[in-house]
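Me: Hi! I'd like to chat through this model with you, one bit at a time. Here it is:

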Amino acid sequence: MSFRGRFAPSPTGRIHLGNARSALLGWLQARAAGGQFLLRIEDLDRARCKPQFLEDLYRDLEWLGLDWDEPPLIQSQRDDVYRNALETLERTGRVYPCFCTRAEIARAASAPHGLSEEGPRYPGTCAPLSPEARAERARARIPALRFQAAPGEWCFEDGLHGRYCQDVATVVGDFVVRRNDGVASYQLAVVVDDVASGITDVLRGDDLLSSTPRQLQIYEALGHVPPRFWHVPLVLGEDGKRLAKREGAFAVAELRERGISVERVLGLLAAWSGLGDGEPVSLEELVRRFRPELLPRSPVVAREALLKTALGLD
């Protein structure tokens, strides 16, 4: 299969330069490989995703020159697809209804296993419930659906981090694949959508590195081969915290509206990616320069001095 990559943002705010860097690197990887680059809109959090942010996203990507080869895939329009995947998992006994609240999970979580990014490890409270007990509880509370994590370490070879392993059952426990409001979880949707789009390579921030073993278990349960993964270290602010969607100098739209040239912005993103020194650069030149082995293996700090110099803000 020819190379197919993607960028999958959530329209919950104006995209910042860290988001733009992820989009750029995914686009460069696809174009350098002579492959296709797709766009997916992850808008399952319907309370936070706004039409204006989606319009800004399209405008920002077009301004940067990052085109895509197929119509964007919109997650909020794919409820039936996710429901079909969940039905497959139900038929094979890989999911079960969970009636626990967050507070109940926090109280029941066992101390030795600590926290994952989903919160306290789920201790499996609802897994042994009988059909009668489940029916009784369903009268009072609509359940979520949890995926029954397979025991033991799940490992994969990341293109940047090398071999990565996680015992999902021990670290995370059984995890949610459908919320109790009926909406598919990120872990399920990302797998279903990457399969549907024929994605061969996923380049994304390494804040999602620890999610990958969960996704690998879903790939196997649904009978699909996973893509290759490339988890890029994040861009951090000078305070050591990851950049967040907000107004200001880190918002691409803000730079565009101020008349900063796109070549200057690309030069800054290239400097943060091991592909340049901060000087203005074209997309065509970056495609020629792109090599995955040049990408950084540790977080990049968005130093104010470099930012101002690269963008001509002195």
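Me: Which residue takes a positive phi just after α12?
Reply: That's G312, with a phi of about 70 degrees. Bear in mind that this is a predicted model.

Me: Okay, and α12 itself: which of its residues are buried?
Reply: Helix α12 spans residues 304-311, and its buried residues are L307, A310 and L311.

Me: Why are they on the same side of α12?
Reply: They cover an arc of only 85 degrees around the axis, so they end up on the same side of α12. In general, an α-helix has 3.6 residues a turn, so residues three or four places apart point the same way.

Me: What covers those buried residues?
Reply: The cover includes α1, α9 (252-257) and α10 (262-271).

Me: Switching to the sheet now. How many strands, and in what order?
Reply: There are 3 strands in an open sheet, ordered β1-β2-β3, with parallel pairing. β1 (4-7) and β3 (73-74) are the edge strands, each pairing on one side only.

Me: How many bridges join β1 to β2?
Reply: 4 bridges join them, and β2 covers residues 36-41. Within this pair, G5 stands opposite F37 of β2.

Me: And which strands does α1 touch?
Reply: Helix α1 (residues 17-32) packs on the sheet and touches β1 and β2. The direction of α1 makes about 145 degrees with that of β2.

Me: What about α2, which strands does that one touch?
Reply: α2 (residues 51-64) also packs on the sheet, touching β1, β2 and β3. For α2, the angle with the direction of β2 is about 160 degrees.

Methods. Residues are numbered from 1 along each chain as its sequence is written. This is a predicted model: local features need pLDDT of at least 70, side-chain atom pairs count only at pLDDT 80 or more; totals for chains, interfaces and linings use all residues. Side-chain values use heavy atoms; hydrogens and water are left out. Two strands pair if DSSP finds at least two bridges between them. Helices (H or I, at least four residues) and strands (E, at least two) are DSSP runs, numbered from the N terminus. Contact means heavy atoms within 4.5 Å. Axes are lines fitted to C-alpha atoms, for helices over the stretch in contact, and angles run from 0 to 180 degrees between N-to-C directions. Buried means under 20% relative accessible area, exposed over 50%, partly exposed in between (1.4 Å probe, protein chains only). The arc is that of the directions from the helix axis to the C-beta atoms.
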